[in-house]
Amino acid sequence: CYCTLQVVDRRLTSTMSAILRNRAVKQALSGAYAGYARGFASVPDVMRAAVVRETGPSSVMKVEHDYPVPKLQPGGVLVKNKYSGINFIDTYHRSGLYKRELPFIGGQEGGGFIAAVSPEAEAQGVKVGDRVAYSSVFQTYAEYTAVPANKVVTVPEEVPLDVAVSCGVQGMTAHYLTHSAHAGLVKPGEWMLIHGTGSGTCQWAAQMAKLRGYKVIGTCSESKQDIARATGVDELIVYKEAQGTSYEDYTSVDLVPKVMEITGGEGVKAVIDGIGLATWETSIEVLARRGIFVSFGNASGAVPAFPPLRFINKSGFLTRPKLNDYTVTREELMSRANDIYGWLAKGELKVAVDRCFPLEQAKEGHDYLEAGKSRGKVLYEI
């Protein structure tokens, strides 16, 4: 299916810890999910999955129909996926930029219903039929995924499952980028530059940065101005698009003098940069004294090695973070998740689900993301 762009601002009345027991869930379980609500005995031996057996372009990822279903692990659950999120990091794994043992199933976030539980997970209160989302777990482009019980988050009834899955990698990433990765070197009322506020993770990051009280400069391409402005950024720098693409042409605007003009010549205390190769040098140049460059992605290519002396001009800082190091404990995961669902409940955070590809179109999903076409979250429906 192809989902039209939707902006969700439903009022939530449940908390993250609510267990879904109402009639709507029971009806769902008695219908589409009744087959696996009985538990492990009804789980098949094989499944559909988008598998990478050699690294390379999107064409190397093939949908197989007889891939073994993962085994239920101690302390874990087996989730029958309804959706799986598509993220840039998945393309880095597929291309070989980030090394993985071959073969592997793509993806690292998903959501659906619990099909089987281990005794340890059951003792934690997790049960077959729970509607859940999860992230930072490999092998999610598949009908079933084995997930540690401490990684699953029960989804409140009022939150559509596609939105809940969208709150996984991108929502959690935006949260740690704006709350933790900058190590407190930027304070409320100070300037932060966020690249790519018209797409994906940084739509979330811009909104969360404003909720934290930072002054935000966003960047985007011409075709995504409406999305970027809707995030509430204080200032927006708009790039022309590279010919024949939806990507920003980062040579079309001289970023540094614009940022310095906006900030009165001081620069920004933090830069959140998921673009990588095309922006890393200007990201360093626009830093204020003792500012921090948060480099978290490689959308335009990987940042090359460079000497630390690049930061001597203003005694700058650099971090290259990843999500797993900011959701180390169950408590940390739930703290971030509760913030996200709380903002949704108050209508303070908007989630855009852009496109939903069937799993059989695994290649097309990656192509769409890598072409810079996304205007929000991109998913597979399984």
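**The parallel sheet and its surroundings**

Mentor: C220 stands opposite V238 in β12, in a model that is predicted, where local features need pLDDT of at least 70, side-chain atom pairs count only at pLDDT 80 or more, and totals for chains, interfaces and linings use all residues. Residues are numbered from 1 along each chain as its sequence is written, and side-chain values use heavy atoms, with hydrogens and water left out. Strand β11 (residues 215-221) pairs with β12 in the parallel sense over five bridges; two strands count as paired if DSSP finds at least two bridges between them. The names come from DSSP runs numbered from the N terminus, where helices are H or I of at least four residues and strands are E of at least two.

These two strands belong to an open sheet of six, in the order β12-β11-β10-β13-β14-β15, with parallel pairing. Because β12 (235-239) and β15 (317-319) stand at the edges with a single partner strand each, one side of each is left without a neighbour in the sheet. From one strand to the next, the twist averages 15 degrees, where axes are lines fitted to C-alpha atoms (for helices over the stretch in contact) and angles between N-to-C directions run from 0 to 180 degrees.

Helix α7 packs on this sheet, touching β10 (191-194), β11 and β13 (268-273), and its direction makes about 170 degrees with that of β10; contact here means heavy atoms within 4.5 Å.

A pocket is found on a 1 Å grid over the protein atoms alone, as an open set of points where a 1.4 Å probe fits, with protein on both sides within 12 Å along at least five of seven lines, and lining residues have an atom within 4 Å of a point. The largest pocket is lined by 39 residues, of which F88, I89, T201, F296 and G297 lie nearest its centre. By class, the lining has 16 nonpolar, 19 polar and four charged residues, where Ala, Val, Leu, Ile, Met, Phe, Trp, Tyr, Cys and Pro count as nonpolar, Asp, Glu, Lys and Arg as charged, and the others, Gly among them, as polar.
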